[in-house]
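Welcome! Have your viewer open and your selection tool ready, and we will take the stops one by one.

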Amino acid sequence: MAPPTSSQSKPGRTLLLLLVLIIVMGATVALQKAFVPKFGLDLAGGTTVTLSPVLANGKTPSQESLDRAVTIIRQRVNGTGISDAQVAKSNDNIVIQIPGAGRDEALKLVSTTAELRMRQVLAVAAAKAPPVQPSTAAPAPSGSAAASPAASPGVASTAKASAAPSGNATPAGRALSKALTAPTPEPSETKRARTSGGRAAKASPSASASAAPSSSAAPEDASDPLAGQDTSGIDQALLTEFRNIDCSAKNRGQGALDDPNKQIVACSDDGSARYILDKAAVQGTEISGAQAGTDPTTGEWIVQVNFKSKGATQFADITRRITSLPAPRNQLANVLDGVVIVAPTIEEAIPGGSARISGSFTQVTATDLADQLKYGALPLKFKQSSVVSVSSTLGQDQLRGGLISGAFGLIIVMLYLLLYYRGLGLIGMASLCVAAIVTFLTVDVLSHNAGFRLSLPHIIGLVVSIGITADSFIVYFERIRDEIKEGRRTLRSAVEVAWRRARRTILVADAVMFIAAVVLYFLAVGDVAGFAFAMGLTTLIDVVVVFLFTKPLMSLAARMRFFAKGHKLSGLDAERMGRTGRAEQTLQEA
């Protein structure tokens with residue numbers, strides 16, 4: 001297939017297209033003020049911990065348990081405020097990379113076992129206080145959620161049932177023996193439940209916003225999230241923290257290890273509500289199991305929870321104590337890794353060592369809650385199979401060494417092109433410079449917009465690819481020389497004919513390299529995968545540079561007398577190419 005006419009007669013347009021591409025990427029970098037790529041752990045410094053599961057009889061862990069462990073560890077790591085930490089599966093292992101963290105800090109972070117705790121809810125409100133409106137400024141005089149005009153008609157009956165301080169009807173409209181019933185979501189959460197199938201068992205501020213005020217309530221300030229709620233027995237510092245916490249923020253305390261012997265302020269796992277919680281009444285280690293299933297009478301999804309002997313006693317005591325209290329103090333929150341995963345209303349004392357949680361569950365949400373209750377701690381026991389720490393100083397040394405080797409390799413290749421091809425070598429050198437610019441901008445844009453992190457294997461791949469990129473120029477230059485040596489063409493026609501023949505060779509060679517890089521990337525892990533990614537990326541950039549820069553620039557150079565007349569420094573002179581007299585005469589006539 002012949003090249004486009006525009007690339008033959010108007011190479012300036014093709015060069016302009018490349019210039020626009022470079023300007024767009026450069027503008028993206030400038031607008032984001034991202035002038036330096038983000039570095040991987042081996043360059044920025046930090047710790048990599050590889051955890052291997054330990055199972056009896058050498059069994060293979062299930063993917064479900066590994067996924068659950070990854071989720072819990074990721075929440076814990078991200079909840080500490082450490083940015084750019086990565087937690088991922090690698091076969092049956094879990095690899096945690098924590099940039100900037102020291103060895104002891106990282107080991108403490110990933111080795112501590114998360115534990116589920118059950119705490120009484122003392123106060124609850126929305127993640128952010130809604131704007132005060134005249135029609136809703138006064139608190140509702142009763143515990144009915146129907147007093148709130150914002151509640152949707154579709155959940156009015158549910159709200160009444162869950163806000164009631166005594167065990168009347170459940171959300172299904174019936175008495176439920178030995179049950180935990182979830183409070184009604186706020187309008188925003190009702191919308192979330194309808195659109196995403198979320199469970200109504202999630203705690204929400206509406207359960208307390210409409211509660212009857214007690215003697216210690218503060219109804220005079222409707223904008224206060226604690227207005228109308230009983231704040232007796234709560235430390236003043238916690239009240240201040242509760243008013244200031246923003247549970248809608250990305251970092252809302254996930255991964256925090258709460259003290260079971262202290263009251264705490266916590267957010268719901270979806271960030272829709274904030275809570276003040278009492279000391280832990282039941283530890284997650286006292287839960288013997290949790291299963292998702294369906295109610296044989298109604299067909300709705302429920303979660304059955306079973307306790308050990310000590311946990312059964314503790315659970316019976318706390319449910320007996322809070323069942324007659326007004327909302328929200330009749331709610332029992334389940335806290336995992338610093339966030340509330342569910343806070344159902346207790347309708348009656350629950351002895352016997354088992355309980356069930358009902359609400360607007362789907363199979364997915366019921367199973368998810370059962371797993372969270374069952375795996376309050378990590379679902380698997382892990383051992384540290386390897387711990388590798390890289391200091392920031394060592395990372396900088398490796399980065400400096402990689403950049404020096406890259407620059408040295410680039411200079412060597414340029415010198416070779418200049419000495420061997422002379423004038424044509426200048427075109428090759430310009431192409432390598434453009435390839436370097438495009439590569440840097442691509443890496444920078446990917447780094448700040450696609451989560452890519454430049455590591456030492458990437459730098460090695462980029463350095464190795466310098467020779468591969470120069471290979472494409474050499475193939476094209478040699479085809480031009482071959483056409484001229486035959487003595488039948490002028491330089492301008494030789495450039496076009498040589499391009500049609502060299503183009504196929506270049507594309508085939510780059511295709512083979514790209515396929516090898518893709519296969520290596522998907523079959524390998526870690527450093528080898530990073531090397532493969534860099535190889536594949538530079539192969540694509542090589543195609544772009546050869547088509548949009550080298551070929552058009554060569555077409556423009558063919559119009560210059562320096563090259564067209566075969567100057568002795570052009571790389572196309574008769575002595576260097578060994579042309580016959582007829583071939584030299586043909587070039588002089590160009």
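Our tour starts at the second largest cavity, whose lining has 6 nonpolar residues, 1 polar residue and no charged ones. Keep in mind that this model is predicted. Select V443, F452, L454, H458, L462, A534 and L537 to show that lining. The helices α14 (456–485) and α16 (527–557) each give two or more residues to it. The space inside comes to about 30 Å³, and the structure has 2 cavities of 30 Å³ or more.

Next, stay with helix α14 and select R479 and D482, which both lie in it, 3 residues apart, or about one turn of the helix. Their side chains meet in a salt bridge, with 3.9 Å from N to O. R479 is partly exposed, at 25% relative accessible area, and D482 is partly exposed too, at 29%.

Is E483 buried or exposed? Its relative accessibility is 0%, so E483 counts as buried. E483 also forms a salt bridge with R479, where the closest N and O atoms are 3.5 Å apart. These two residues sit 4 residues apart in helix α14, about one helical turn.

For the last stop, select R501. The side chains of R501 and E483 meet in a salt bridge of 2.6 Å, N to O. R501 belongs to helix α15 (residues 491–523) and E483 to helix α14, so this pair ties together parts that are 18 residues apart in sequence. R501 is partly exposed, with a relative accessible area of 41%.

Finally, show R479, D482, E483 and R501 together: they are linked in a network of salt bridges. The whole structure has 9 salt bridges.

Methods:
Residues numbered from 1 in each chain as written. Predicted model: local features only at pLDDT ≥ 70, side-chain atom pairs only at ≥ 80, totals over all residues. Heavy atoms only, no water. 1 Å grid on protein atoms, 1.4 Å probe; cavity = no way out; pocket = protein on both sides within 12 Å on 5 of 7 lines; lining within 4 Å. Points joined across faces, edges and corners; volume = space filled by probe spheres on them. Nonpolar A, V, L, I, M, F, W, Y, C, P; charged D, E, K, R; others polar. Salt bridge = Lys/Arg side-chain N within 4 Å of Asp/Glu carboxyl O. Buried < 20%, exposed > 50% of the residue type's maximum accessible area, 1.4 Å probe, protein only.
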